[in-house]
Amino acid sequence: MKHTFSIFCGFLALAACDRIENVGKAPSFTPSMNNQEHFAMSNPTMPQAVPHERKADQASLWSRNRQSLLGDRRAMGRGDIMTVVIEIDEKAEISNSTSRSRNGSESLGIPQLFGIPQRVDEKLPEGASLGNAVSINSTGSSGGDGSVSRQEKLELRIAATVVDVLPNGVLAISGLQEVRVNFELRELVVSGFVRPEDISRRNEITYDKIASARVSYGGRGQITDVQQPRIGQQMLDILLPF
């Protein structure tokens, strides 16, 4: 029992490390070096060889080269950057109502059956009779109501990096944005898969064109920490059966 209690205390101490390290100071930023985006920018894919007949176009203003005046500057390869526009304004209302009722009645009487009921009635207690042998009544009803109402609105913009180019040409993107105000850190994370043809000429893409989109908007700091239940309370919510 003593060993189990020591393990439990150690678990609570480890779980509280994230809160203890921010006591008296603002939360730290996530390192921007040696992450997935930095690795993709540091190790881009090998550039494709330019055909001999197109080398002369590099000096023209009308060249399709990305460095030219009218060049296509949309993100195409690993390490390129694009802008993700997140504009969510959704509202959902669902209402269900069910009602059911049932009535049933069954009766069985044998007032005359070769005189048997009359002979049996003489031996029954006073007031009892076999004339109405069986009578059954049943009534049942059920009803249910349910409703769901949800409204979400979010308008954000974030720069994301192409971290990989899949064999079919689809781009895997990932982006992280952090803004710290006083002792509160706001975090915005986005990731998913993008088709190059869905990227606009302004090098932007809306979130509804991102497959397997993962958007996280939250924060950490003193205010967020106060709003969260204590570790002990969270453990009791999991363990207590009532």
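Guide: What follows is a quick tour, from the overall fold to single residues. This is a predicted model, in which local features need pLDDT of at least 70, side-chain atom pairs count only at pLDDT 80 or more, and totals for chains, interfaces and linings use all residues. Residues are numbered from 1 along each chain as its sequence is written, and side-chain values use heavy atoms, with hydrogens and water left out.

Visitor: OK. How many helices and strands does the chain have?
Guide: Six helices and six strands. Both are DSSP runs numbered from the N terminus: helices are H or I with at least four residues, strands are E with at least two.

Visitor: And what pattern does the chain follow along the sequence?
Guide: The pattern is α-α-α-β-α-β-β-β-β-β-α-α.

Visitor: What percentage of the residues count as buried?
Guide: The figure is 21% of the 242 residues. Buried means under 20% relative accessible area, exposed means over 50%, and partly exposed is in between (1.4 Å probe, protein chains only).

Visitor: Which residues form the negative surface patch?
Guide: Glu87, Asp89, Glu90 and Glu155. Strand E1 (residues 81–108) gives the largest share, three residues. Asp89 is found in strand E1, and Asp89 counts as exposed because its relative accessibility is 57%.

Visitor: What counts as a patch?
Guide: Patch residues have over 30% relative accessible area and no salt bridge; like charges are joined within 9 Å, nonpolar side chains (Val, Leu, Ile, Met, Phe, Trp, Tyr) within 5 Å. Lys and Arg count as positive, Asp and Glu as negative, while His and the chain ends are not counted. A charge is placed at NZ of Lys, CZ of Arg, CG of Asp or CD of Glu.

Visitor: Which residues make the nonpolar patch?
Guide: Ile116, Val120 and Leu124, covering about 200 Å². Val120 sits in helix H4 (residues 116–123).

Visitor: New topic. How many salt bridges are there?
Guide: The count comes to nine. A salt bridge is a side-chain nitrogen of Lys or Arg within 4 Å of a carboxyl oxygen of Asp or Glu.

Visitor: Show me one. What does Arg157 pair with?
Guide: Arg157 bridges to Glu204, with the closest N and O atoms 2.4 Å apart. The pair links distant parts of the chain: Arg157 is in strand E2 (residues 134–165), Glu204 is in strand E5 (residues 204–206), and they are 47 residues apart.

Visitor: Is Glu204 buried or exposed?
Guide: Buried, because its relative accessibility is 15%. Arg157 is partly exposed, at 45%.

Visitor: Which residues are linked in a salt-bridge network?
Guide: Arg157, Arg202 and Glu204. Elsewhere, Arg195 and Asp198 meet in a salt bridge at 2.9 Å, N to O. Glu152 and Arg150 meet in another, at 4.0 Å.

Visitor: Where is Asn203?
Guide: Asn203 is in the loop between strand E4 (184–194) and E5. Asn203 counts as buried because its relative accessible area is 13%. Leaving aside neighbours within four places in sequence, its contacts (heavy atoms within 4.5 Å) are Arg73, Arg74, Ala75, Ile81, Met82 and Thr83.

Visitor: And where is His38?
Guide: His38 is in helix H3 (residues 36–42). His38 and Thr161 are 123 residues apart in sequence, yet 8.8 Å apart in space, C-alpha to C-alpha. With neighbours within four places left out, His38 is in contact with Ser32 and Met33.

Visitor: Last one. What is the phi of Asn182?
Guide: Positive, about 55 degrees, although Asn182 is not a glycine.

Visitor: Why point that out?
Guide: Because most residues other than glycine have a negative phi.

Visitor: Where is Asn182?
Guide: Asn182 is in the loop between strand E3 (171–181) and E4. Asn182 is exposed, with a relative accessible area of 66%. Ser212 also has a positive phi, about 50 degrees. Ser212 lies in strand E6 (residues 211–221) and is partly exposed, at 45%.

Conventions. Areas by Shrake-Rupley, 256 points an atom, 1.4 Å probe, with all protein chains shown as cover.
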